[in-house]
Amino acid sequence: MEPANKIAVLIKKLSLEIDKLSNPILEQHDLTNSQFKILKFLLVNSSSHVRQVDIERNFSMTNPTVTGLVKTLERKGLIERRTNPDDNRSKLLCLSEKAIEMKELLFRLGDELEENLTGVLNENEKRELMRLLKKLLKH
């Protein structure tokens, strides 16, 4: 099988295509794809305590990468670090009031990006793709 027909190569190409589609949309809101993912993660998990290590694990990112992203989001006034009430040695990541006010925008952007990516698929194909990707990630 030639490299262009390998699943791993196609997934990588798709990942690059996602960045290409999403970056211009997110740049209008002074966000990168990685910053956007962290904000959405914090929005979806706002009822639980989120630590930096949770973001590292969820997105398979290194500690230095997440540290840089968190610092940038703090400078932009979108997230805050708070002392973890369960462990004074660790910090929790929380959305700032500014980010909470952007909640509807962030969800709308997420829907728009998803539609740009999967608009050529019907609902059954989307469900099947989701099922197969989850299966690959579990393995």
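Start by selecting helix α1 (residues 7-27) and helix α6 (residues 103-118): α1 passes α6 in a right-handed crossing. A crossing is right-handed if the near helix is turned clockwise from the far one by less than a right angle, and left-handed if anticlockwise. Helices here are DSSP runs (H or I, at least four residues), strands are E runs of at least two, and both are numbered from the N terminus.

This is a predicted model, where local features need pLDDT of at least 70, side-chain atom pairs count only at pLDDT 80 or more, and totals for chains, interfaces and linings use all residues. Numbering runs from 1 along each chain as its sequence is written, and side-chain values use heavy atoms, with hydrogens and water left out.

Now line up the two helices. α1 and α6 pack at an angle of about 135 degrees, with their axes 10 Å apart. Axes are lines fitted to C-alpha atoms, for helices over the stretch in contact, and angles run from 0 to 180 degrees between N-to-C directions. The two are therefore oblique to each other (under 35 degrees is roughly parallel, over 145 roughly antiparallel, 65 to 115 roughly perpendicular, the rest oblique).

Next, show side chains. On α1, pick Leu 14, Ile 18, Leu 21, Ser 22, Ile 25 and Leu 26; on α6, pick Leu 109, Glu 112, Leu 113, Asn 116 and Leu 117. These make the contact, meaning heavy atoms within 4.5 Å.

Hop over to Phe 41 in helix α2 (residues 33-44) and Phe 59 in helix α3 (residues 52-59). You're looking at the structure's one aromatic pair. The ring centres are 5.7 Å apart and the planes sit at 70 degrees, so the pair is edge-to-face (centres within 6.5 Å; under 30 degrees is stacked, over 60 edge-to-face, the rest tilted). Phe 41 is buried at 15% relative accessible area, while Phe 59 is partly exposed at 24% (buried is under 20%, exposed over 50%, partly exposed in between, using a 1.4 Å probe and protein chains only).

Then select Ile 79, in strand β1 (residues 79-84). Leaving out residues up to four places away in sequence, its contacts include Leu 39, Leu 42, Val 70 and Cys 94.

Finally, zoom out. The chain has seven helices and two strands, in the order α-α-α-α-β-β-α-α-α. Its C-alpha atoms fill a box of roughly 55 × 30 × 25 Å along the principal axes, and of the 139 residues, 29% count as buried.

Conventions. Phe/Tyr/Trp six-rings, centres within 6.5 Å; stacked < 30°, edge-to-face > 60°.
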